[in-house]
Amino acid sequence: MDGGGGGRREVVAGELERLRAERQELDIRIRLLESELEAGSAAPASPAGEDAAAGVEDGLCGGGSGGACQTRREFVESGALPADMIYRYSRHLLLPDFGVEGQRKLSRSSVLVVGAGGLGSPVALYLAACGVGVLGIVDGDDVELNNLHRQIIHKEAYVGRSKVKSAADACRAINSSIKLVEHHHTLKPSNALEIVRKYDIVVDATDNLPTRYMISDCCVLLNKPLISGAALGLEGQLTVYHHNGSPCYRCLFPNPPPVAACQRCSDSGVLGVVPGVIGCLQALEAIKVATDVGEPLCGRMLLFDALSARIRIVKIRGSSPVCTICGEKSVFTQEEFQKFDYEKFTESPMSDKSTPSLSLLPDSARVTCTEYKRMIDKGEPHLLLDVRPAHHFQITSLPQSLNIPLSVLEEKLPLLEISLKETMDTSAASDEQPSLYVVCRRGNDSQSAVQLLREKGFPSAKDIVGGLQSWAQDVDPDFPAY
Amino acid sequence: MHLTLEFGGGLELLLEKSTKVHKVDCQPTMDGSEGGKATMKGLLSWVKSNLIKERPEMFIKGDSVRPGVLVLINDCDWELCGGLDAELEDKDVVVFISTLHGG
């Protein structure tokens, strides 16, 4: 047989495969219609689901073709399952503790996932796959390349595009039969009530403290169970707030921690799998709450330590009668909620990214990156001190910089003195003390360092405004940002 | 008495070499004597003077832990055991964990 015959053969095989798939699709639709006929007048189910869908601006369902909506099926009153659902969720239905009843409840539930990041990725994927009735995703951010190591719902092709769009597309690709609602904005006190109200269950998959307080308060006001997860570095935490007597976030943490105690993934790092593990467990808790199967993590908290591979489940206090939000005498209203300044309350921003920038020094003690660059170009003798932690310095650094982390700067001043002396010796102008410039990642630690240095007898110390981040932005676009 | 003290959620950074688990032998009574009652209050002041190496304000505020720190005695919220007045027994495990916000 010649090559042409082989090609023909492939074409026929491909055509056959396509037709068979089409037939299977038709069979499914026929069975579906038959089961509908058998069930007689099927009542429109899912009050929660319908509520959730009503009045939401965009993206109710969308498998691309109108078919997505048509194939979405509620269980009919008789308890019979549409054939396509039986097949899709058969492994759930085979679970004696879960079964048809569990799947029915799931299909009638609506869940809002706040945050489409490291935690929200597995939450949304699993909740879409398992067949919740309505899945809402809220996030105002765009996908960035440095998200992809942990935010597994997003793909390279979506970098620079909306996280919610990316997440919703990924969920639709897995299960076109559920309703997906895209909320393309950051959850704020002004819009939270309106959005959260439409759902049965809320999943906190956010990355910052003020938003955590806000979501908890909102869930108390609207009486919604809150599946809360958090991850940082190599540790994760998980609990279910405001459900079956469990506390709200404020019962546990009536006062916010000091700002310095609030580590963020963008500063401290996070191993990608860690939020993945916690997110999977959040999806599980959401399913348990939605179906009333098993014992949700109420009044208990799960602590996950990835490094030692240990999971500890501890008993925590119940809801506090004196809690200012969920307590018996609480006078907190929806109007107050909408006006409450959560960023002021926690003294931290509602974003993992924006850094509070310090201003500790007079202008005379600071230079901009461009000024510093001009000075290098002129060949002026100087010493560049990099005060970032050693593991940051290993990622990238400016040439000929000396690394003494801020945390040990005071005890290592003699080393700095020696280095300054060496710089002076190699420079032509011998008597003058060479200039000392201090840099860090974003320009906060360098200011603290300059303050310390000026107190300790280094009057020439100057801060490079905005740190390496500004260097990459204003001077050298090839300098690796992290 | 022998106690196992664990620090997590970033609190370990305040300790020498960022060690999370510390098996200690101490008398966490208010005056350090053997006879007195061993309480959480006594333990906090012992931890502050013997284990915390830097930024004590990241651990203690007033005579208690700072906001945002959960304290667990044998895997139970110390609020359910008496808080600062909770009595400790030999071989108890006390966990100090800072709440996480990242995701």
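This is a predicted model: local features need pLDDT of at least 70, side-chain atom pairs count only at pLDDT 80 or more; totals for chains, interfaces and linings use all residues.
## Overall make-up of chain A

Chain A holds 20 helices and 13 strands. Of its 482 residues, 51% are buried.

An unreviewed UniProt entry annotates a "binding site" at C248(A), C251(A), C323(A) and C326(A). These four residues span 79 residues in sequence, yet no two of their C-alpha atoms are more than 8.5 Å apart, so they gather at one spot.

C323(A) sits in the loop between strand 8 (310–315) and helix 14 (334–339) of chain A. C326(A) also has its place in the loop between strand 8 and helix 14. C323(A) is buried, at a relative accessible area of 6%. Setting aside residues up to four places away in sequence, C323(A) touches C248(A), R250(A), C251(A) and S330(A). With neighbours within four places likewise left out, C326(A) contacts V220(A), C248(A), C251(A) and S319(A).

## Where chain B meets chain A

The interface involves 29 residues of chain B and 37 residues of chain A. The two chains bury about 2600 Å² between them, with 57% of that on carbon and sulfur atoms. On the chain B side, L100(B), H101(B) and G103(B) lose the most area to chain A. Together these three account for 29% of what that side buries.

G103(B) deserves a separate look. The unreviewed UniProt entry annotates G103(B) as "modified residue: 1-thioglycine". G103(B) lies in the segment after strand 7 (93–98) of chain B. Its relative accessibility is 6%, so G103(B) counts as buried. Beyond its neighbours within four places in sequence, G103(B) is in contact with G117(A), G118(A), L119(A), R150(A), T206(A), D207(A), A231(A) and C265(A).

## Helix 9, an enclosed helix

Helix 9 of chain A runs over residues 189–196. How many of its 8 residues are buried? The count is 6, so helix 9 is largely enclosed by the rest of the structure. The buried residues are P189(A), N191(A), A192(A), L193(A), I195(A) and V196(A).

These buried residues pack against several elements of chain A. The strands are strand 1 (110–114), strand 3 (179–183) and strand 4 (201–204). The helices are helix 10 (209–222), helix 14 and helix 15 (342–346). Helix 14 also marks one end of the loop that carries C323(A).

## A crossing of two helices

Two packed helices are described by the angle between their axes and the distance between the axes. In chain A, the axes of helix 16 (residues 369–377) and helix 20 (residues 467–475) come within 9 Å and cross at roughly 75°. Helix 16 and helix 20 are therefore roughly perpendicular to each other.

Helix 16 contributes C369(A), T370(A), Y372(A), K373(A) and I376(A) to the contact. Helix 20 contributes G467(A), S470(A), W471(A) and V475(A). The residues of this contact divide into 5 nonpolar, 3 polar and 1 charged.

## A461(A) in strand 13

A461(A) belongs to strand 13 (residues 461–464) of chain A. A461(A) has 0% relative accessibility and counts as buried. Apart from residues up to four places away in sequence, A461(A) touches A365(A), L436(A), V450(A), L453(A) and R454(A). A461(A) and S435(A) are 26 residues apart in sequence, with their C-alpha atoms 6.7 Å apart in space.

## Two positive phi angles

H242(A) is not a glycine, yet its phi is positive, at about 50°. H242(A) lies in the loop between strand 6 (235–241) and helix 11 (249–252) of chain A. D292(A), also a residue other than glycine, has a positive phi near 65°. D292(A) lies in the loop between helix 13 (273–291) and strand 7 (300–305) of chain A.

Is each of these residues buried or exposed? H242(A) counts as buried at 19% relative accessibility. The cut-off for buried is under 20%. D292(A) is exposed, with a relative accessible area of 63%.

Conventions: Residues are numbered from 1 along each chain as its sequence is written. Chains are lettered from A and ligands numbered from 1 in the order in which they are written. Side-chain values use heavy atoms; hydrogens and water are left out. UniProt positions are given in the numbering used here, feature names are shortened, and annotations may be inferred rather than shown by experiment. Helices (H or I, at least four residues) and strands (E, at least two) are DSSP runs, numbered from the N terminus. Buried means under 20% relative accessible area, exposed over 50%, partly exposed in between (1.4 Å probe, protein chains only). Contact means heavy atoms within 4.5 Å. Axes are lines fitted to C-alpha atoms, for helices over the stretch in contact, and angles run from 0 to 180 degrees between N-to-C directions. Angles under 35 degrees count as roughly parallel, over 145 as roughly antiparallel, 65 to 115 as roughly perpendicular and the rest as oblique. Ala, Val, Leu, Ile, Met, Phe, Trp, Tyr, Cys and Pro count as nonpolar, Asp, Glu, Lys and Arg as charged, and the others, Gly among them, as polar. Buried area is the accessible area (1.4 Å probe) that two parts lose on being put together, summed over both.
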